[in-house]
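Have the structure open as you read.

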Amino acid sequence: MFKKPLGNLKTSAPLRNSDRRKLKQYIIRAFSLDSDVGEELVPDGLLSVKFKTHTDEPGVAYLGPDGDPLWFTLGIGSEDMIPTVYTLWKKPDLLPFLSTPSAVIPVLVGGADLMIPGVVQHPSSLQAGQLVSITEHIHHSALIGPPLAVGHMAVDSDILSEAAAKGKAVFVLHAWNDHLFDMGHKGNPPDPWEMSHSAANDQQAIEDKDDTESNSKEPVVDALGSQLEQTQLDDPAPTIELTKEDVSSILHDALLQAMKTTLSNSQTSALPMPASTFYSTYILPSRPAQSPSQPSVSTPIDIKHSSHKSLAYFFKSAEKHGLLKLKEIKSELMVFSVATSHPNVAAHRPYLSLKDVALRDEKRGQREEEERTRVKELEVTELWKPHLQSLKFFADAGFDTSARYTYTEIKTVLDKYVTDRQLVNAHDQSYINVGADELLQTTICKSDNPANMEFFKREQLIERLSDKMQSWYKICAESRDPVLKKGQIKPISVVVKVRQGRKATTLITGFEPFFLEAVALAEELKTRCASSTSVSPAPGKSSGMEVLVQGKQVKEVTEFLASRGVPKRWVHTEGGGKK
């Protein structure tokens, strides 16, 4: 459907809030979603854009705030919302799915429909016309590959289980890497996900039934040639041996892949280069990646096992087809240029290559390393304990007078008290009739003339009640015992002060409750800010220590505190700018 660029593409326009809410409610009902999930899949800031497909069929795409297409419709006035793969990656189980070997995916991306022989797993209750997603099958695993295509069932699921069934299984509407997908950020598919227990049982039952009824049912996997088509799905560890022609075809596709992706932009500036270097740098990394759902290939994919007699013959064959230009310099074959605009390059649909897998694994390793090294943010909780005037109030309200309460819990106590005693103002429910309850009035009012305090807003009451309680705080940090102390916690102060004319210094105080020690903090900031630091007692009784850094270092100090897990709301700054 989107194998060619979209035509007559209009400028995107923001969706009105009322229209977005209607769309969200429609999707929640249509797909049986929770409201929270609906909010994620139909977020604020949604845009709509009208388009026409290459077959002149009109449609509307709904784009997220980041520009990714999330939903689309096809046809004049159609209200059938179809999720894109970007949406399915957020919620993989949004649609019932069929799985297929990974070698079939490039065929689907190229615009083909999914054929019945290419279906490995499917639910038992699908009907023709039903919306489904297509995922990559992972052999003998409870994991399911990410959704890579979406379409309508061409037949009922009963037909998929019939022996020697042929024909189309799914009419593909949209797939990963097509031109609708290219409107978004064009990211790589996410990692496989684990299906629910009930779905796993259903899928496994279908797979077992298929194995029993038809041991000869084979997936259509053109990408690795006819040998792959002869591999049985129920072979526990299938391996195949490719012909020399198969290897040559794969190497030719790898050349097209490199020209379409790596060499399409600035990389051509590296030319000319020796043919052997070009082969190892661009062609070998561009070979298709193996997948757990594919039978393993026992034949190495290289020049020695191809139909070409040598690397020179391979490159001269590519030159004959107009893909590149060669020149021999001092008996060494050099690649001088590549024809990235060649029709064969333009028609090539990129696939998941060895280079892509290596980059994905590298990024995953970096993310895991970042997760390991990232300091978890401190959990700072303000608490209040009943004290003096508030003790009787908590006792009469039926709550523990020795417990420590959060702000939300104090609100719960107050709400229960005023509800039980019907103190909510009949004319304005945001007000509480304080004068109607002597205990509440004496608890929250000041000793001077409490009789004038007849009405209070609910939030004011909570503030007043917490003022009559004893302040505590608790700080929790990873790999440390929680710290519970009496007193009011204050934010760390980071203040720029100008002394001796124009000379500026940055003063940091109040950091001790956040597991920071003055001398160590000064040493860290000395290195980070490349400035001299000093430590001295802060003025005032029991005020702790003060760290002084030369220059205006607010940005550097706040970034350092954030790296140590101090929440942003617990850092108060004044001044700023560069050193």
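A quick term first: helices here are DSSP runs of H or I with at least four residues, numbered from the N terminus. Keep in mind that this is a predicted model. With that, α12 turns out to be the top contributor to the lining of the second largest pocket, giving seven residues.

**The second largest pocket**
- There's about 710 Å³ of space in this pocket.
- Its lining runs to 28 residues, and the ones closest to the centre are Trp176, Asn177, Lys186, Asn188 and Asp356.
- Two elements give two or more residues to that lining: α8 (244-260) and α12 (354-373).
- Sorted by class, the lining has eleven charged, ten polar and seven nonpolar residues.

**The cavity**
- Among the residues lining the largest cavity are Met1, Phe2, Lys3 and Asp178.
- α4 (105-109) and β11 (168-175) each give two or more residues to this lining, with β11 supplying the largest share at four.

**The five-stranded sheet**
- β11 also sits in an open, mixed sheet of five strands, ordered β6-β8-β10-β11-β7.
- β6 (97-100) and β7 (114-115) are the edge strands with a single partner each, so one side of each has no neighbour in the sheet.
- β6 pairs with β8 (residues 131-136) in the parallel sense, over four bridges.
- Serine 99 is found opposite threonine 135 in β8.

How values were computed
Residues are numbered from 1 along each chain as its sequence is written. This is a predicted model: local features need pLDDT of at least 70, side-chain atom pairs count only at pLDDT 80 or more; totals for chains, interfaces and linings use all residues. Side-chain values use heavy atoms; hydrogens and water are left out. On a 1 Å grid over the protein atoms alone, a cavity is a set of points where a 1.4 Å probe fits but cannot get out, and a pocket is an open set with protein on both sides within 12 Å along at least five of seven lines; lining residues have an atom within 4 Å of a point. Grid points are joined across faces, edges and corners, and a volume is the space filled by probe spheres set on the points. Ala, Val, Leu, Ile, Met, Phe, Trp, Tyr, Cys and Pro count as nonpolar, Asp, Glu, Lys and Arg as charged, and the others, Gly among them, as polar. Two strands pair if DSSP finds at least two bridges between them.
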